[in-house]
Amino acid sequence: MKELCFSEYVKCLQSAIQPPNNETYLVELLLNWIIEKENIKGKNQQPMVLTQSVISEIMNRKIEIPKAIKEACSKEKLLPEAISLCQTKIIPYLDYMRRHDMFACMRQAVNKDAVGIAPVNKDLFLNLLDEKKEADFLGSLLIYVIKRNNRYADPAEYVNHIPLLDEAGYKCPVCGVPLIEYVNGTTLPQYAVVHIYNEKITGAQEELAEIPKPQDMDDFNNMIVLCRSHAKRYLSDVTFDKYKQMREYKKHLKADYALRTENGSQEIENSIRSVIQALRRISNYAKLEALSLEALELDRKILPRNNLLKNLLKSQILQYYKFINEQFHTLERSEPGIFGIIASEVQLKYKKLANAGFSQEDIYEKLAVWLNKHLKKGQSAMCACRLIVAFFIQNCEVFDDSAQQSYLIPE
């Protein structure tokens with residue numbers, strides 16, 4: 001069961017129920033009793049009939065469950081009858097072995113629902129399973145999935161969101177879960193597009209005064225893609241602090257995207273070479289501090305609350321670490337000892353910033369600005385400066401409390 005929707009519910013039942021268990025039989029079994037009880041009419045004011053083509057489109061997730069059936073399921077009185085249906089028409093006909101696989105599959109779908117099932121509903125379903133109330137579970141879940149969206153998202157809408165998805169790397173910037181799933185060759189969006197600035201922002205008057213209102217709410221810079229769960233959390237209570245955090249996510253996504261789009265280009269590599277050559281000029285040959293060049297995982301260096309910075313650094317290090325390391329080796333061969341001097345200067349600047357109480361994100365950016373200022377390369381070199389800071393974070397004293405020390409360039 002890939003998702004909590006009616007079509008997947010039917011397919012899950014098919015895996016365990018004895019014949020007849022074809023799609024037509026099961027859809028009619030699960031929906032016709034609602035049509036009859038609520039006297040639901042079709043277009044010609046005749047009793048609604050679920051034709052073969054309608055059933056096929058429901059099961060292929062091309063259409064929603066008819067609106068009248070959805071609305072009828074909002075009535076609490078239908079729940080006992082749904083449970084009774086499952087008790088008499090489904091439970092007795094479940095294969096005695098495959099039924100366990102079916103319930104395990106449904107449990108997993110409830111636990112991992114990407115759309116954002118309310119905690120109270122999740123607890124209800126899981127408790128019913130734990131208590132072995134199988135008919136109650138199936139009946140309650142049936143009513144729930146009928147009311148959920150069944151149709152796949154409009155492909156055209158997905159295409160319009162590709163630039164935002166590309167910027168995010170097709171992963172939620174908050175939790176990292178994939179924003180797109182592919183089921184039987186069909187694209188299944190698992191995201192929501194969120195306006196970072198919106199009219200619901202709450203906070204003190206002086207805080208709100210700091211927020212620039214975009215001229216166009218649908219401007220690319222005011223939109224971000226999140227998994228549905230985090231989109232729901234953000235939009236349910238847009239505080240000033242949440243707004244600032246979302247702005248930071250957007251800023252880092254843009255920086256990371258700029259880096260990814262330049263990946264492999266001769267221009268960025270030339271810029272790195274130029275920056276490393278120019279690094280010699282920032283050294284004042286101050287007394288060397290011992291450097292720890294033991295390469296540690298970023299998980300041990302970056303604080304948990306700076307998860308976005310960690311992901312950005314991982315991307316930078318994976319793409320450019322070897323190239324930057326080679327450039328430092330080339331520089332060291334022509335001028336022995338220069339790497340230790342450069343690294344020492346970076347370390348001294350880091351310690352000053354850390355002692356001043358700056359956050360890790362601020363230190364990362366300020367070190368890049370500091371390098372660029374001394375190199376006098378202008379804004380065009382900022383990307384290369386950030387990459388070199390990432391190199392020293394991975395290998396030297398930046399965000400590193402290791403006691404192992406060395407003056408050698410990393411191999």
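F391 and F392 are both buried, where buried means under 20% relative accessible area, exposed over 50% and partly exposed in between, with a 1.4 Å probe and protein chains only. The model is a predicted one, in which local features need pLDDT of at least 70 and side-chain atom pairs count only at pLDDT 80 or more, while totals for chains, interfaces and linings use all residues. Residues are numbered from 1 along each chain as its sequence is written, and side-chain values use heavy atoms, with hydrogens and water left out.

Next come the aromatic rings. A pair of aromatic rings is described by the distance of the centres and the angle of the planes. Rings of Phe, Tyr and Trp (its six-membered ring) pair if their centres lie within 6.5 Å; planes under 30 degrees apart count as stacked, over 60 as edge-to-face and the rest as tilted. By this rule there are four aromatic pairs. Ring pairs join F103, F125, F137 and Y144 into a cluster.

A charge can also sit over a ring, which requires NZ of Lys or CZ of Arg within 6 Å of the ring centre and within 35 degrees of the ring normal. K250 lies over the face of F220, 4.2 Å from the ring centre.

The chain has 18 helices and four strands, taken as DSSP runs numbered from the N terminus (helices H or I, at least four residues; strands E, at least two). In helix α3 (residues 52-59), the buried residues are I55, I58 and M59. Seen down the axis of α3, these residues fall within an arc of 95°, so they line one face of the helix; the arc is that of the directions from the helix axis to the C-beta atoms. The buried residues of α3 pack against α1 (6-14) and α2 (23-37). After α3 comes R61, with a positive phi near 60°.

For the chain as a whole, 46% of the 411 residues count as buried. Of the contacts (heavy atoms within 4.5 Å) with a separation of 6 or more, 75% are between residues 24 or more positions apart.
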